[in-house]
Amino acid sequence: MQFRRAQTLDEALDVLGELGKDARILAGGTDVVIQYLHGEIAPETLVHIEGIGDLATVSLNHRTTLGPLVTHRALATDEALGTAHPALAASARTVGGWQTQAVGTIGGNICNASPAADTAPPLLVADAHVTLASRRGKRRLALTDFFIDRRQTVMDPDEMLTAIDLDPLPAGAGEAYLKLGRRGAMEVALVGMAVRIGFAADGTVDSARIALCSVAPTPRRVPEAEEALIGSRLNASVLDAAGEALRAAACPIDDARASASYRMRTLRGLLERAAIQCREAVTL
Amino acid sequence: MTVNGVGVAFSVNGVAHRLEVGPGETLLHTLRERLRLTGTKEGCVEGECGACTVLVDDKPVDSCIFITAALEGRRVRTVEGLSGDGALGPLQQAFIDYGSTQCGFCTPGFLMTLTALLEENPSPSPSEVRQALDGNICRCTGYRQIIEAVASGIENGGRP
């Protein structure tokens, strides 16, 4: 194996253009190094990109733009970012401990494409789009179209994630990220759910976005459940219908952490808790 | 397997080093096997337990999953850097005074994470201490004595 340091995006794209799938990008390394040490990946070259300062920037505007090197710690502690993206901040706080959050990046969390990626559901409910760059050019696509399967994305071997843009929380809306685990820290989500709900002046739901992780090969939005909430006041029968839509969209697995059936049975309750948090975050 | 050495320059506890390391070599290995700084412990080797915590540019990282070649120009601090002239640092002394260590294997990691916390926030609440320690596992003390050791410094009006 070789180790290459990229100081600029152009340098990184040159190496990727030259080596393609034989190269592996290294940022904080909290996933990549574990996979390397376990023999799950065996890249010919590690391309270290942490030194590319341009990729660690945050810009808050009508859309928020995050560089892929923004760390979980920055997402969890930056006040302005936390106000615009409370669910994203909440999700970042649940990724490992401080040691993981200090160096682990949002770009890594997305590109690793774990079914349990905690930042994915909050990004999905913020209509996140990703920009992929290569020496051939750039493309921008919705995060919903980015994940293909467990640990698989649409990224070509010569491409690199260079930006994530997303909608800040609008006025009159609340959002939440709930992570179900067996303990309060250092947990991989049994189920993760992000919900963003907008309310009209009379308290009825006028917009709703719901996304899940750890219940399917990829994190995903559930439009059928979102539609069930629109126009409602989040009463029990509406939550029942939306919960049913969530179960229809989920295909969890049995593993050492929880059974598929348990995960399915938590969805309705998590939705209710998240919806209450959204409502309580809003003053009408 | 061919090993392609990588040159890397960084400091450890204020001492500059220039080394040739393997491309996949971890900081934990470099510290223990090359620099003979064995205070930093190997626990899980997958970033779960925090026994190997050191500070890189003042932030706690799990050295067992941190690639040494990524350290170019950066500053590393280990538990060896907390004491000087044969005297323990105040946080180390508080750990002794409050019985915050039993088998001691996790202790260097706890000390490093708490050093980072106290530099960032000199008077953390007990819940802030617990949250900062999410990534450090101790199977002996039950954590209470560790949190008390940190609190003792706050009660004394500064660092432990």
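## Domains of chain B

Chain B splits into domain 1 (6-81) and domain 2 (82-155), with bounds from an automatic or database domain assignment. Their centres, taken over C-alpha atoms, lie 20 Å apart. Domain 1 of chain B puts 18 residues into the contact and domain 2 of chain B puts in 15; contact means heavy atoms within 4.5 Å.

This is a predicted model: local features need pLDDT of at least 70, side-chain atom pairs count only at pLDDT 80 or more, and totals for chains, interfaces and linings use all residues. Side-chain values use heavy atoms, without hydrogens and water.

## Between the two domains

About 1300 Å² is buried between domain 1 and domain 2 of chain B, 58% of it from carbon and sulfur atoms. Buried area is the accessible area (1.4 Å probe) that two parts lose on being put together, summed over both.

The rule finds 1 salt bridge across this interface. A salt bridge here is a side-chain nitrogen of Lys or Arg within 4 Å of a carboxyl oxygen of Asp or Glu. B:Arg77 pairs with B:Glu119, with closest N and O atoms 2.8 Å apart. On the side of domain 1 of chain B that touches domain 2 of chain B, 6 residues are nonpolar, 6 polar and 6 charged. Nonpolar covers Ala, Val, Leu, Ile, Met, Phe, Trp, Tyr, Cys and Pro; charged covers Asp, Glu, Lys and Arg; the others, Gly among them, are polar.

## Between the chains

Chain A brings 25 residues into contact with 35 of chain B. The buried area is about 2400 Å², with 59% from carbon and sulfur atoms. A:Arg5, A:Trp98 and A:Gln99 lose the most area in chain A, together 30% of what that side buries.

Salt bridges between chain A and chain B number 3. A:Glu50 forms a salt bridge with B:Arg74, at 3.1 Å between the closest N and O atoms.

Notes:
Residues numbered from 1 in each chain as written. Chains lettered and ligands numbered in written order.
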